[in-house]
Amino acid sequence: MSLDLSIPRGLLLALLPELVLTGWAMILLLFVAWRHRTTRDLRVAGGITAVALVTTAATVWWLWWNQAGVAGIAQMVAVDDYRWVTDWLFLGAAGLTVLVSFEYLERERLLAPEYYVLLLFAVIGMMLMGGAEDLMVLFLGLELMSIAVYVLAGFDRRNPRAAEAALKYFLIGAFASGFLLYGIALIYGATGTTNLSLVGVQVDSLRLGSDPMLLIGLGLLLVGFAFKVAAVPFHMWAPDVYDGAPTPVTAFMATGVKAAAFAALFRVLTEAFPQAGAWREIVAGLAILTMVAGNLVALAQRSLKRMLAYSSIAHAGYLLVAVATGTSAGTAAFLVYLVAYTLMTLGAFALLAAKGRGGESDVLIDDLAGLASRRPWLAFALAVCMLSLLGFPGTAGFIAKWYILLAAAGVGEWLLAAILVLTSVVSAGYYLPVIMVMYMKPEPFEQAHTGVKLGRLAGVAVAAAVAGILYFGVRPNGLLDLAKETGVGVKPVPTFTVEPSGR
Amino acid sequence: MYNQWILTVLLAWPALGALLVLLAPTRWAKHLAFAASLAEFALSVPLWWRFVPGAGMQFALDVPWIGNWGIHYGVGLDGISLFMVLLTTFLMPLSVLGSYTYITKRERAFYALLLLLTTGMIGVFVSLDLFLFYVMWEVMLIPMYFIIGVWGGEDRLYAAIKFFIYTMFGSLLMLVAILGLYYLAGSKTGVYSFAYAHLLAQAPALGAPLAWWFFGAFFLAFAIKVPMFPFHTWLPDAHVEAPTAGSVILAGILLKMGTYGFLRFGLPFFPAVALHPTVQAGIVILSLVGIIYGGLVAMVQPDFKKLIAYSSVAHLGFVMLGIWALTLQSVQGALLIMINHGISTGALFFLAGMLYERRHSRLIEAFGGIAKVVPLLAAVLTIVSLSSIGLPGTNGFVGEFLVLLGAFQTYPIAATIATTGVIVAAAYLLWALQRVLFNPLDKRENEKLLDLTPRELAVLVPLLACIVWMGVYPRPFLRRMEPAAQQLIQQIKSANSTPAAAR
């Protein structure tokens, strides 16, 4: 199905998933305007959100199935497999977050169904980012997502830590947006366009590869993105914000929001700047810094939530390795990693939410001592998530890490590959103790784990995550095929011929 | 039928058994596990007769697994791995039986992990695909980690995590090297595959800098596992803290994975590097240091288990010397020591565990003169110690003699120095025997020790039988391993002498 974006019908079809989700978000907004007092309202709102996510995913599937594409050059929004796959990812992350949120909001007495509206708007923003073919659309999506998430981060308004987190996130986010916008302006100044493919063509044909204005613009763009994905040294906000926000929101930020920023970054770099090779070294440098610093600092954490926050920084480093390769294998590895990462991180945060109270920031790793004898299934699920985060064979985390290594080795990035595996060894130093205390230390006192309860729906989410981790760990074939096809689909520039990967 | 499926059955059966043990009531756990491991041994016995010496890889099965990356489920057996598999299946039922009274808490989990470990260990020895090999190599860490960490002694947590991180550190770098080989072989032939035969055909021709790096990565992984001299510090901790069955398996089988790795991958893949004079000299010197240093440190250990642990360092030093001497006798001798060490040291650890169960102390000075109280145990301990020393007529003699004989042709000085290692071994073991068994009976607690029970005899008698059989009539072993050893040596030497090989 080839869509002509210059006529309304084509444009409507191309934007159908976003339109469907926006429609649902509006309906939900109207619903919560009248009904926002009781837990029942909260549940209905959550149900509507789940339906909205499922129907949107189905819409995306329909477009994917019909092999929707663009006639000519894509204006404003891309219509390719990469967009659909990232859409699924965002919707899936949001769906798991909703499942975890149901009981969490009731337990923490956050009886405000607007939560779900904000979540939906954030997802719309993310979908726009994943599909943005123009720097302006990208910026719009980013802002839509960010504003919704700023509010979500401070959703527990009685908790001063959450308020602090929201404010910090907002201020840093505003700075990041500023950098990004300035970068976009400079790129526009250098090339005269904000369309990604056209930027690529201009850079290629006008030989702008070492033009200072373009490079400064690209640099500012990278800084903005580095803030958003919390790459070292632009990560300072992340631990505090992740720590202070309500746990389901943290899970959503660590997975969905980060995935969206990465998805956009990937598209921008591969489509617009394949000729301005300077970013490869910058991204590789960021990756090294992020992997090393993220893992080393995580090693020193005693609070489980903060440890997971730093671990998500470390994982951003691994993802940056995939970005730095700049090949289609890198794209595929990146997608596979995002899937695995989303499953294992959401699973871990959901389990953390089951253990803690009042924001969970006070749950120390040592507090899990003896959990295995009281809650064997919970402990097993958390152990699987930890092993997968560690990248242990038999889990999706391993397959994903392997793919990134494969992509890095394919372009001869031996240093990045070596640092990736060495920092993975370091990460064993903080993932294993979680397993260790659960299984090898006795309960500190008799009733230590009586309050630990995983709600039924959160249980479904965790079970799905663990099942996915184990299934993709043994039989990743389908996922790999999908990622491979998708990875080939992101064409750098229409006029640019792809060099065969290898050396 | 048998030939094609036996290895797969040997891999799957313990995993199934583990599931069964987990589901059954706790009081059945040990009996079920014993039955399962005994059945596993029974299944593996026909390999001994069905194996055709000199026919290369046998019992092979090859099924595509992850087609995208050229990964196959490929298993097979030759004259080197045959004995390792049989040693594994032979030691497992004994380990289960030896744990009957030692393990009193969480029995189901313990026996399930032992069975899972069996799958992992056999997997390492039969894998003919480097991806599969790597997965098995890592997966086996988890059960061992838990066995040490949950059922171990005082310092078990430290020992468990040290064991895990050391091994993982080495193996992750090996992973990068495997990926490197995969790409280089792929870009040369156009076939991207992790199959052992494919990589073996391409790897020896690798140029200078990369071959050195890759060899270094493989070397580190295997040298940590062996363990060679400066990488051995994890071993005393892990051996001492592990429960009896854990120590037996660690010493008996896990250490052999390192030497097996050198025989299967390290030498054949990088003959030019491995036989480079500097590397040769370095490894021979490290082996000698291991032999002498291990022996001397063993001599001053107050802890009986630690003494045995350091004696392992010395024995494995002989194996490494035998492998690097690369004559038919020395390689066969090295293979024999690998088996002997599994049997003798396994038996020593069983005996140390039995002493510990009686006295709740591992210290040598806690005993003294107990030969009068427990004559049967004393007799067995004496025989096993003599076999570990390498007294003629026991298995230990044959292996060490062959290694020294073979090594003398290549490195006369090194072989001469190594011979003193035998004397050191006699010194530390005989001295320990004297202090445990024969000094005056001066402690009241020792006057009422129980002699071996029938169950304990059932554990030890098969080991004693092997000690005598291999000491008196080693021909069946030598006959089966000779063609494989011969072929290995020729392959390495010819690959090294071809002009294509980079010096």
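A residue is called buried when its relative accessible area is under 20%, exposed when it is over 50%, and partly exposed in between (1.4 Å probe, protein chains only). By this rule Asp243(A), with a relative accessible area of 3%, is buried. The structure is a predicted model, in which local features need pLDDT of at least 70 and side-chain atom pairs count only at pLDDT 80 or more, while totals for chains, interfaces and linings use all residues. Residues are numbered from 1 along each chain as its sequence is written, chains are lettered from A and ligands numbered from 1 in the order in which they are written, and side-chain values use heavy atoms, with hydrogens and water left out.

Salt bridges were searched for over all chains, and 18 were found. A salt bridge is a side-chain nitrogen of Lys or Arg within 4 Å of a carboxyl oxygen of Asp or Glu. Side chains of opposite charge can pair when their charged atoms come close. Asp243(A) pairs in this way with Arg306(A), with 2.9 Å between the closest N and O atoms. The two residues are 63 residues apart and link distant parts of the chain, Asp243(A) lying in helix H10 (residues 237–244) and Arg306(A) in helix H13 (residues 304–325) of chain A. Helices (H or I, at least four residues) and strands (E, at least two) are DSSP runs, numbered from the N terminus.

Another salt bridge of chain A joins Arg267(A) to Glu271(A) (3.2 Å, N to O). Both residues belong to helix H11 (residues 247–272) of chain A and are four residues apart, about one turn of the helix. Arg267(A) is buried, with a relative accessible area of 0%, and Glu271(A) is buried too, at 4%.

In chain B, Asp237(B) and Lys162(B) form a salt bridge of 2.9 Å, N to O. This pair also links distant parts of the chain, from helix H11 to helix H8 of chain B, 75 residues apart. In H11(B), eight of its eight residues are buried, including Trp234(B) and Asp237(B). The buried residues of H11(B) pack against H7, H8, H10, H12, helix H15 (304–325) and helix H16 (328–359) of chain B.

Chain B is divided into domain 1 (1–271) and domain 2 (275–495), with bounds that come from an automatic or database domain assignment. The centres of the two domains, taken over C-alpha atoms, are 22 Å apart. Their contact (heavy atoms within 4.5 Å) takes 52 residues from domain 1 and 55 residues from domain 2 of chain B. Between them the domains bury about 4800 Å², 81% of it on carbon and sulfur atoms; buried area is the accessible area (1.4 Å probe) that two parts lose on being put together, summed over both. Zero salt bridges were counted between these domains.

Chain B and chain A bury about 3400 Å² between them, and carbon and sulfur atoms give 81% of this area. Asn68(B), Trp69(B) and Tyr183(B) supply 19% of the area that chain B buries against chain A, more than any other three residues. The contact involves 37 residues from chain B and 35 residues from chain A. Across this interface, too, the rule finds zero salt bridges.
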